[in-house]
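Hi,

Here's the structure I said I'd pass along.

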Amino acid sequence: FFVATMASYGSTGSFSSHGAGAGGYNALGSSSSSYLSQAQENLQSLSSLVQRMNTMNQMINTASDSPKHREDLKEARQSAKTLIQQIAGLLDATPSPTDEALHSRLIKEFGDVVSQCKQSIQTGIQKENAFPSRDVVSQTYGNDVSLRMKEYEAAMDQITIVESASVQVDNAVIRETNQGMHNVYNKLSDLHEISKDTAMLVESQQGMFDHAEKASSAANARSKQAVRHLETGMKYQSRSRRKQCVIVLAIFCGVIIVAFIIALFVGLTKGLF
């Protein structure tokens, strides 16, 4: 896979084919996790470099284009080539069983970034061929045309400066708006926390109310039970008083009867004698 990748870059006229072990990291005896971490860092650097090359390709044939810009673009391509060689050498090692998933993911991301890099290089070479640099224009068409191009580029640079000032104003407004939104968000977060605290207090008070309601319900049930016990005791007491009255009345009647019998017996006894 890596040999085919490097060979495809050799077809663009900027990269040449290299073996998979160009990085030489296996010879250093690095562990699986360390070389995968290094490969991941290099892959991020390569992705950033591809974005930079895309931006530099857009600057070709603009006011910012210059021979120095073309040289910087070539250096960026060479740096991308070096990074690709290093990453290919790192990912060529056999991963440990625990790092196989990460190794496969890095290989997939590496293939995607390599494709983007190849497309960026091809686009840059096409634009360079279509729009020669200033030195080539001066050699081909003379100093007069080159001078006019410099005047035109100076005018474009002035326009860019004016536009940059307006963009800075817009950026300042955006920053102020963003800061205001952050302040609103912070206030809303504080309000949310207050609402949560209030809800917790209400919930705790509701628990206290429920407990008090249960206690009052239990007290009401106990008071009803006590009333029933009092009513039952009053009934028993009333029955006991009735029984006492009946007993006293019976005793009284018995005493009267006995006294009457005794008086009658005494009267009969006197009449006989």
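**Cysteines, fold and a helix pair**

Cys-117 is buried, its relative accessible area being 0%. Cys-245, on the other hand, is exposed at 53%. Keep in mind that this is a predicted model. As for disulfides, the count is 0, with a pair of cysteine sulfur atoms needing to be within 2.5 Å to qualify.

Now the overall picture. The chain has 6 helices and 0 strands, so the order of elements from the N terminus reads α-α-α-α-α-α. Of its 273 residues, 21% are buried. If you take the contacts with a separation of 6 or more, 79% of them are between residues 24 or more positions apart.

Helix α3 covers residues 67-91 and helix α4 covers residues 100-130; their axes come within 11 Å and cross at roughly 160°. Angles over 145 degrees count as roughly antiparallel, and α3 and α4 are therefore roughly antiparallel to each other. Their crossing is left-handed.

Who touches whom? On the α3 side the contact includes Arg-70, Leu-73, Arg-77, Ala-80 and Ile-84. Across from them, α4 brings residues including His-103, Phe-110, Val-114, Cys-117, Gly-124 and Glu-128. Sorted by type, the residues of this contact come to 13 nonpolar, 2 polar and 3 charged.

Cheers

Notes
Residues are numbered from 1 along each chain as its sequence is written. This is a predicted model: local features need pLDDT of at least 70, side-chain atom pairs count only at pLDDT 80 or more; totals for chains, interfaces and linings use all residues. Side-chain values use heavy atoms; hydrogens and water are left out. Axes are lines fitted to C-alpha atoms, for helices over the stretch in contact, and angles run from 0 to 180 degrees between N-to-C directions. Helices (H or I, at least four residues) and strands (E, at least two) are DSSP runs, numbered from the N terminus. Angles under 35 degrees count as roughly parallel, over 145 as roughly antiparallel, 65 to 115 as roughly perpendicular and the rest as oblique. A crossing is left-handed if the near helix is turned anticlockwise from the far one by less than a right angle, and right-handed if clockwise. Contact means heavy atoms within 4.5 Å. Ala, Val, Leu, Ile, Met, Phe, Trp, Tyr, Cys and Pro count as nonpolar, Asp, Glu, Lys and Arg as charged, and the others, Gly among them, as polar. Buried means under 20% relative accessible area, exposed over 50%, partly exposed in between (1.4 Å probe, protein chains only).
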